[in-house]
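Hi,

Here is the structure I promised to pass on. My notes follow below it.

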Amino acid sequence: MTHTKLFKSAAVISGILIVLMVILRNSKSELFTVLSASLGLVVFYTLLYYLFQTEKIKFGASNPIVKYLFFGISIPLLIYGIQVTTGTDGFITNSIRILFTIEIAYLIFYWIYKYQKGIQKLKNDKLEAELMLLKNQINPHFFFNTLNNLYSLIKKDTDVAQDYVLKLSDLMRFTIYDSGKEKVQLKDEIQYLINYIDLQTARYHKDIDVNFEKTIKNSDATIAPLLFIILLENAFKHGVEKATENAFVHINLVEDDSKIRFIVKNNYDDESSENNGIGLKNLKDRLNILYPNTHQLCNSIEENIYSTTLEIIK
């Protein structure tokens, strides 16, 4: 409702109330009390609406409960004042007092609900901002390494480099258009991993035993994007890259009704650092945000084999 319509409506209602009050001006009836209170409320709230909308006053703007209580308490106070001046008391006025007492209680509980809802929205906004920041850190980190690989490959084998560019294009397409989604289909994430493996095996001029086993019950199942790539990247970076012979990366992906489990095994060099840099830290942070208390990320070392397992409980 616009200001003009509101004020016209308030004027009409006030006029009607005034006429009725004039008729009952010598009456001490409860109807006169109700009419007086109604007129006071119409004028009072019309004035408040004007003041708030024109921002001539900002009372309660920083603390909504003050504004709610201000509106709620003003009603019974006006009725009580008119009741005292007219000397009337009875069933109607008592009922009005009870109703507006209930209103005050409702306003308090409503404010508590809105306050808690606002706090939850702030938390959600904070989590979303953190996730976006983590994704922005992951993508440049990965593509920086990939472009370095491409630079080296162009100088060695231009034909392979062309295929490398096509696969890199697919990776970028997924990262740009799909990584911003909350969830992606598992089959798309798998294809992303396969493209990455092809790019990495083309980079190294040595035999690499790469085995990607998949046991998928529902390929249309969804998962947060770019979770597995960090573990796979570390397997090549800290395993294949440092291994002088018998380099291998064995991957096992299992999806069923209860979980999604991703396992990566690779060569382990005792002299290599266990610090996998920003990628692994971001993965842990993202998992804590996206899958709190519903994921497990663990690793183990046995006979120079490094194994990492990520399990997400559905």
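A quick definition to start: a polar contact here is a pair of N or O atoms within 3.5 Å, where, within protein, one must be able to donate a hydrogen and the other to accept it, and residues adjacent in sequence count only if both atoms are side-chain atoms. By that rule, the side chains of Q200 and Y196 are joined by a polar contact of 2.8 Å.

Please keep in mind that this is a predicted model, with local features needing pLDDT of at least 70 and side-chain atom pairs counted only at pLDDT 80 or more, while totals for chains, interfaces and linings use all residues. Residues are numbered from 1 along each chain as its sequence is written, and side-chain values use heavy atoms, with hydrogens and water left out.

Q200 sits in helix α6 (residues 186–203); helices are DSSP runs of H or I with at least four residues, and strands are runs of E with at least two, numbered from the N terminus. Q200 is buried, at 6% relative accessible area (buried is under 20%, exposed over 50%, partly exposed in between, with a 1.4 Å probe and protein chains only). Setting aside neighbours within four places in sequence, Q200 is in contact with N149 and F236 (contact means heavy atoms within 4.5 Å).

F109, by comparison, belongs to helix α4 (residues 91–156) and is exposed, with a relative accessible area of 60%.

As for the whole protein chain, it has 8 helices and 7 strands, and buried residues make up 38% of its 314 residues.

Happy browsing!
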